[in-house]
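Thanks for asking me to look this over. Here are my notes, written to be read with the structure open beside them.

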Amino acid sequence: MEPKTYFIRTYGCQMNELDTEIMAGQLAKRGLTAAADEESSDLLIFNTCSIRDLAERKVMGKLGRMGRVDKKNRIIGVTGCMAMAKKDSLFRKFPHLDFVVGTNNITDLGTVIDQVLYTKKQVFKTDDRFEENLDYLIAKRDNPIKAHVSIIRGCDKYCTYCVVPYTRGEEVSRPPDSIVEECRRLVDQGYKEITLLGQNVNSYGKDKPEWNCLFHNLLYRLDQIPGMERIRFMTSHPIDITVELMQAIRDLPSLCEFVHFPIQAGSDRILKKMHRIYTKEQYLEKVALLRKIVPHVSLGTDIIVGFPTETEEEFQETMEIFRQIRYSVAYIYAYSPRKGTPALRWKDDVPEEVKFDRLQRLMDLQNEIAVEERQQMLGNTYEVLVECFNKGGTQLKGRTRCWKKVIFEGDESLIGTLQQVHVHSYSHQTLVGDLVKPNSSLKVI
Ligand code: SAH
Ligand code: SF4
Ligand code: F3S
């Protein structure tokens, strides 16, 4: 029976969140409405992530518990990266699963559901390569202020620990006209901030030299869209961060001064083993150049601690990088061995307790740095995009261009607007401030 309602549970990164929005749009077009929760849905989709073991275990546990008993007449499907990592082997483990659709087959979701309905059999579609055939404009977005826009899918970097090149396939850039068109429509609909998405946004266009449009060229085009307030991008690989990109951040009014610049480890031996294709020295030189060109840029990073054979001294090099660079944001992970990746051939020899001890020490250091950073921000006035009321509170919440969360008193009419906020204190991670009248003499950052 044709399902009437759907629920999509999303795991993993922003790319999965956007894929969920595109699938939701396809289902809405088919006439389905969003269910309030998993239990009340006729069609239940798990859009999954494989990046670390825990991410997979969460979904596997859920699928296991959801046996025949509470399946009822519901259709259950798995999409996303775990669908690519496990393909039809999922059917053997979970006989109550109806379909598996990979990251490169989102367009085929409707056909797959039809096949499940007509054949009553388990159906899977998991192509290794992405063909540019997605209707991005169909995306059903819940946030009316900020939107994600895909510009490149896949990854060709093959870091030795990472499943993404296998779960998302090789890099395929989206035609620039299609991106510009989508962004123009979003701006016309009132969107104030657009985040350009890809595993490596700064490889954009390299697979299509005939377009003559590299990442920075695309940014110049997008900045020209009338009404474009803010552009962000994520994520980027340090090797592809070019001088042209740095200049674009300096010169384009809409491009925010925040760069995710993931180093992953502080030791050259580990970086080489990770196949990150840069040395610590090269990385530091790029950061120095970026800071010279864009003096008040904020930086983010990702780190893996406890990579196979990492010694305490090598971990200390990562700590030293943190002290030196002073990132605004750091996502720190314990190494998790992944099936199908080259790193699996090395023994996962750093004991769990050592990994977690390193994780904790690095997080503590980052917290100290973040507190100092917040203290330095006090007394300044920042441009804040107002997003909503603070959870459970009466204050408005938004983010600065450098990605800091700020709360302040104000009324509902300010939601979706850019305001100037004078920061006077902070509570935990959040800055607290007061609204500043336009045209005040304060310098806005
Ligand atoms: N394309 C992005 C990363 C996407 S995955 C980039 O290169 O920056 C997000 C982060 O997960 C990675 O940056 C890495 O820090 C972490 N990660 C990936 N594989 C991992 C693994 N096997 N174990 C632990 N962390 C991992
Ligand atoms: Fe994974 Fe490396 Fe590609 Fe990032 S650049 S997605 S870490 S393989
Ligand atoms: Fe996870 Fe896939 Fe994203 S593995 S982090 S959902 S690209």
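The points below go through sheets, helices, salt bridges, cysteines and one serine.

1. A word on the source before anything else: this is a predicted model. Please keep that in mind for each value that follows.

2. Let's begin with the parallel sheet. Six strands make up an open sheet with parallel pairing, in the order β2-β1-β3-β4-β5-β6. At its edges are β2 (33-34) and β6 (123-125), each of which pairs on one side only. Inside the sheet, β3 (residues 43-48) and β4 (residues 75-80) run parallel and are joined by 6 bridges.

3. Strand β15 (residues 381-389) pairs with β18 (residues 418-427) in the antiparallel sense over 5 bridges, and Y382 has V421 as its bridge partner in β18. Strand β18 also pairs with β19 (residues 430-435), again antiparallel, over 6 bridges. Here Y426 stands opposite L431 of β19. The hairpin of β18 and β19 has 2 residues between the strands, and H428 takes a positive phi near 50°.

4. Now for the charged side chains. The count of salt bridges comes to 39. One of them joins R30 and E2, with the closest N and O atoms 2.8 Å apart. Because R30 lies in the loop between α1 and β2 and E2 in the segment before β1, this pair ties together parts that are 28 residues apart in sequence. R30 is partly exposed at 28% relative accessibility, and E2 is partly exposed at 37%.

5. Another link runs between helices. E312 and R358 meet in a salt bridge at 3.9 Å, N to O; E312 sits in helix α12 (residues 312-325) and R358 in helix α13, 46 residues apart. E312 is partly exposed at 28% relative accessibility, whereas R358 is buried at 5%. Elsewhere, E193, R230, R232, E257, E383 and R401 are linked in a network of salt bridges.

6. If you were wondering about cysteines, the structure holds 0 disulfides. For C213, the nearest cysteine sulfur is that of C183, 12 Å away. C213 counts as buried at 6% relative accessibility, and C159 is buried too, at 5%.

7. Finally, have a look at S267, in the loop between β12 (258-260) and α10 (268-274). S267 is buried, with a relative accessible area of 3%. A polar atom of its side chain lies 3.1 Å from the backbone nitrogen of I270. Leaving aside neighbours within four places in sequence, S267 is in contact with E314 and E317.

Technical notes:
Residues numbered from 1 in each chain as written. Chains lettered and ligands numbered in written order. Predicted model: local features only at pLDDT ≥ 70, side-chain atom pairs only at ≥ 80, totals over all residues. Heavy atoms only, no water. Helix = DSSP H or I, 4+ residues; strand = E, 2+ residues; numbered from the N terminus. Buried < 20%, exposed > 50% of the residue type's maximum accessible area, 1.4 Å probe, protein only. Polar contact = N/O pair within 3.5 Å; in protein donor to acceptor, adjacent residues only side chain to side chain. Contact = heavy atoms within 4.5 Å. Disulfide = S-S within 2.5 Å. Pairing = 2+ DSSP bridges. Salt bridge = Lys/Arg side-chain N within 4 Å of Asp/Glu carboxyl O.
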